[in-house]
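Please read them with the structure open.

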Amino acid sequence: MFDAIAPRYDAVNKAMSLGLDSLWRRRTVQLLGLPAGALVLDVGCGTGDLVRALGRASARPVGIDISAGMLTHARAGKGSLIRGDAAALPFPTASFDAAVSGFALRNFSDLAAVLGELGRVVRPGGRLALLEVSTPTTPSLRAGHAIWFNRVVPRIGAILSDEAAYRYLPRSVAYLPSTGEMRAMLDEAGFAGATRRQLSGGIVQVLTGTRRV
Ligand SMILES: C[S@@+](CC[C@H](N)C(=O)[O-])C[C@H]1O[C@@H](n2cnc3c(N)ncnc32)[C@H](O)[C@@H]1O
């Protein structure tokens with residue numbers, strides 16, 4: 001699916017988030033709270049938006065994605081990109097200062113395996129920040145968001161890209177474990193102090209944690 005939508009992926013992203021995604025990515029990078037020069041892995045990096053945001057924040061980013069199509073259309077800025085499976089990372093244990101992912105959790109067929117791998121490659125004391133979609137808690141925002149996400153987004157996708165793929169997007173939210181389950185999975189993977197922050201009224205969330213020493 002991602003190979004097919006790769007050529008128009010960035011355009012659809014900007015349209016369906018009304019350009020807010022840049023802000024969310026910057027905030028995700030800030031929440032890592034790392035010094036300049038930190039080596040940061042972005043799993044499911046797609047076309048490289050988070051990799052570039054990390055580079056602009058003076059980190060040393062490495063992006064990994066399983067889709068050759070997404071990588072063909074990616075720009076890495078100061079970072080580097082490789083093709084591979086986030087559930088079987090080709091990196092040594094404790095080789096990164098931090099890891100991030102942007103809107104990829106719902107797409108990993110084995111999320112527990114991916115989190116386990118992140119727990120392996122992030123060094124003790126290192127950081128994790130996972131950016132994902134969410135549902136606003138305020139009733140009015142929730143109603144507006146449901147219309148936008150379930151009706152408008154698939155139409156934007158149909159006009160700019162591939163209708164079926166963007167009908168899958170709202171449905172894919174069902175694959176995201178609950179906050180409680182996510183906290184338990186992060187703990188199991190070795191990340192302590194899991195914290196969830198909602199951004200932009202709860203349209204998206206960032207889960208953070210620190211690799212236990
Ligand atoms: C919704 S896109 C997100 C792309 C990018 N992170 C962003 O913020 O726009 C999800 C990405 O996860 C990738 N992906 C899915 N399963 C994967 C896996 N097992 N290993 C690596 N990448 C994977 C897909 O190829 C796709 O590029």
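Predicted model: local features only at pLDDT ≥ 70, side-chain atom pairs only at ≥ 80, totals over all residues.

1. Along the principal axes, the C-alpha atoms occupy a box of roughly 45 × 35 × 30 Å.

2. On overall make-up, the chain contains 9 helices and 7 strands. Buried residues come to 38% of the 213. Among contacts with a separation of 6 or more, 65% are between residues 24 or more positions apart.

3. The sheet is open and has 7 strands, in the order E3-E2-E1-E4-E5-E7-E6, with mixed pairing. Its edges are strand E3 (80-83) and strand E6 (191-199), each of which pairs on one side only. From one strand to the next the twist averages 20°. As background, strands of a sheet pair through backbone hydrogen bonds, either parallel or antiparallel.

4. Strand E7 (residues 204-211) deserves a separate look. With E6, E7 pairs in the antiparallel sense over 7 bridges. E5 and E7 also run antiparallel, joined by 7 bridges. E7 is mostly covered, with 7 of its 8 residues buried.

5. Helix H3 (residues 21-32) lies across strand E1 (39-43), strand E4 (96-102), strand E5 (122-133), E6 and E7, and runs at about 160° to E5. In helix H6 (residues 111-121), the buried residues are Leu111, Val114, Leu115, Glu117, Leu118 and Gly119. The cover over these H6 residues includes E1, E4, E5, helix H9 (179-188), E6 and E7. Glu117 is a point to look at on screen, as a charged residue that is buried in H6.

6. Which residues are closest to the ligand? They are Gly44, Gly46, Ser67, Ala86 and Gly102, out of 21 residues that surround the ligand. Helix H4 (49-56) and strand E2 (60-65) are the elements that give two or more residues to this shell. By class, the shell has 12 nonpolar, 6 polar and 3 charged residues.

7. Most residues other than glycine have a negative phi, and most peptide bonds are trans. Leu18 is not a glycine, yet has a positive phi of about 50°. Leu18 sits in the loop between helix H2 (9-17) and H3. Is Leu18 buried or exposed? Leu18 has 10 other C-beta atoms within 10 Å, and 12 or fewer counts as exposed, so Leu18 is exposed.

8. Ser58 also has a positive phi, of about 70°, without being a glycine. Ser58 belongs to the loop between H4 and E2. With 13 C-beta neighbours inside 10 Å, Ser58 is counted as partly exposed, because exposed requires 12 or fewer and buried requires 20 or more.

9. A further positive phi, near 50°, is found at Ser200. Ser200 is in the hairpin of E6 and E7, which has 4 residues between the strands.

Terms used: Residues numbered from 1 in each chain as written. Near = placed C-beta within 6 Å. Pairing = 2+ DSSP bridges. Axes fitted to C-alpha atoms, helices over the stretch in contact; angles between N-to-C directions. Contact = placed C-beta atoms within 7 Å.
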